[in-house]
Amino acid sequence: LSYWLTDILPWPALIQAIGDVLSDFQECYTDLLRQDGSYLSKRQTNQYFISTRAVPLLVLGLHRSRLRCSAEMFWMQMPEDRYWFLPDIDQQKGMSLPLSKALRWAYAKCGVSQTQFHFPGKSPSVENPGLQQNLDNAANWLHNKTFPSLPALLKNFKESFAALADRGQAVPPETQISLYALLLFARFSSYVFRELASAYGESYVAGLCDQFRKLDRYMSYEPGEFYREILPALKRTQNADEELATWQKGVAHYWGFFMEKICAVQDRLAYAFDADKGKFPPQLIDELQREFGLFPVEYALHPMQVPRDFEASEKFFALLAQGFELKRRGGLRLEQIDQYEADLKKEEVFAQLDWFADWLRAIFYYGQEDYKAAMPHYRSAFTKAKYRAGGNQYKLVNEYVEVAAKNGKWMWFKQGIAWAQYLSIQIRWLRDEEPT
């Protein structure tokens with residue numbers, strides 16, 4: 001992605017910022033799959049991740065990148081609207097995507113109308129099919145009638161910049177680069193929110209945007225103390241290189257201090273939580289907010305405030321425990337597995353724990369050394385458990401890879417290895433060796 005983005009944006013600091021934020025998401029998401037067992041489907045697991053982790057993580061990542069890159073991005077031109085990259089949602093008019101806002105701002109920034117931006121000098125006596133097509137496409141994008149690919153969007157603007165220059169209305173290079181960055185983010189953001197609205201509804205997207213604005217407002221209070229210390233230090237520097245080094249050192253020191261505050265809040269909350277009552281002691285949250293600030297407390301609380309839609313039933317936990325008891329106990333019999341499967345269906349949790357029934361059948365045949373009979377059950381259990389088994393995947397994935405090898409199922413074997421690498425699950429026979 002970095003190599004590809006370099007062709008669009010000759011701006012290493014911004015590309016690094018994009019990579020950092022995406023890496024945060026990747027790490028947090030794989031941690032969720034690797035550690036937290038779930039009774040949810042893949043679609044619901046994604047929604048759970050977004051609702052409980054993604055929003056505060058995005059706020060944190062954007063502010064960190066803003067600090068890290070500020071010294072190298074002071075000339076960046078962006079809309080005055082702080083939340084231009086979020087959609088606007090109206091109950092009557094529906095959702096207006098960030099790309100529409102970005103296009104309008106681009107025209108205003110260049111001081112021309114949409115028509116004169118994409119087709120400079122347009123008149124009844126002037127014909128230019130290429131520029132007319134660019135104008136027609138942009139009009140459709142502006143009103144959400146069609147959605148552009150990123151190459152098509154950037155090509156349109158590149159040709160429009162060239163047409164403006166030919167008419168003596170050249171757009172400054174730094175403005176062009178800023179607009180390319182703006183379009184990149186706006187197109188990506190529009191795609192994501194369009195997909196979220198399609199999957200979960202516009203009201204869900206509106207709720208996410210409200211969460212983001214609230215957390216961003218809390219986070220905006222935090223760097224004040226950093227700026228009070230760093231600005232006098234910058235004034236004492238002798239040249240640009242020393243100024244940049246001072247800034248980077250200051251950001252690294254401050255960010256380490258800030259993350260320590262978040263960890264301290266998480267520790268205090270974990271220690272004080274009353275599992276029997278399902279809540280924290282009165283006044284604790286107020287005390288933590290006064291001591292550590294609004295954002296560290298809200299960031300630590302966010303994953304704990306699980307929407308009721310994602311709560312598992314007591315039947316689910318009881319039957320999960322029953323499955324582990326059957327697995328642990330020696331002498332597993334097929335009739336026991338049949339009864340367990342019947343219990344799952346009776347209590348209406350079969351859709352959530354069917355992978356465990358498959359795993360038990362696989363274990364039965366594995367114990368008989370009938371690896372051919374075990375293979376389809378391991379395949380089914382592995383496939384179903386990817387987004388549900390959490391920390392219980394270690395043994396399942398290792399057994400699946402082993403039995404796939406014993407059956408000569410090369411493609412299934414490779415898929416098991418790839419999944420293990422994705423979640424950083426260690427394969428017993430590989431350990432730290434790279435696959436060959």
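1. Helix H8 gives the lining of the largest pocket its largest share, 11 residues. The model is a predicted one, and this pocket has a volume of about 1,900 Å³. Its lining holds 49 residues, and those closest to the centre are Val 21, Leu 58, Leu 62, Phe 185 and Phe 188.

2. H1 (2–6), H2 (12–35), H3, H8 (173–200) and H9 each supply at least two residues to the largest pocket. Sorted by class, the lining residues of the largest pocket are 38 nonpolar, 5 polar and 6 charged.

3. The second largest pocket has a volume of about 460 Å³. Its lining is made of 24 residues, with Gly 37, Tyr 39, Tyr 48, Phe 310 and Phe 317 nearest the centre. At least two lining residues come from each of H2, H3, H14 (314–328) and H16. The classes here are 16 nonpolar, 4 polar and 4 charged.

4. The largest cavity has a volume of about 40 Å³. Its lining consists of Leu 62, His 63, Arg 66, Arg 82, Tyr 83, Phe 85, Phe 212 and Asp 216. Leu 62 is also among the residues closest to the centre of the largest pocket.

5. Gln 336 belongs to helix H15. Its relative accessible area is 16%, so Gln 336 is buried, the cut-off for that term being under 20%. Apart from neighbours within four places in sequence, Gln 336 is in contact with Leu 326, Arg 329 and Gly 331.

6. Glu 348, in the loop between H15 (334–346) and H16 (350–367), has a phi near 60 degrees, a positive value in a residue that is not glycine. Glu 348 counts as exposed because its relative accessibility is 69%, and exposed means over 50%.

7. Glu 369 lies in the loop between H16 and H17 (371–385). Its phi is positive too, at about 60 degrees, although Glu 369 is not a glycine. With 60% relative accessibility, Glu 369 therefore counts as exposed.

Conventions: Residues are numbered from 1 along each chain as its sequence is written. This is a predicted model: local features need pLDDT of at least 70, side-chain atom pairs count only at pLDDT 80 or more; totals for chains, interfaces and linings use all residues. Side-chain values use heavy atoms; hydrogens and water are left out. Helices (H or I, at least four residues) and strands (E, at least two) are DSSP runs, numbered from the N terminus. Buried means under 20% relative accessible area, exposed over 50%, partly exposed in between (1.4 Å probe, protein chains only). On a 1 Å grid over the protein atoms alone, a cavity is a set of points where a 1.4 Å probe fits but cannot get out, and a pocket is an open set with protein on both sides within 12 Å along at least five of seven lines; lining residues have an atom within 4 Å of a point. Grid points are joined across faces, edges and corners, and a volume is the space filled by probe spheres set on the points. Contact means heavy atoms within 4.5 Å. Ala, Val, Leu, Ile, Met, Phe, Trp, Tyr, Cys and Pro count as nonpolar, Asp, Glu, Lys and Arg as charged, and the others, Gly among them, as polar.
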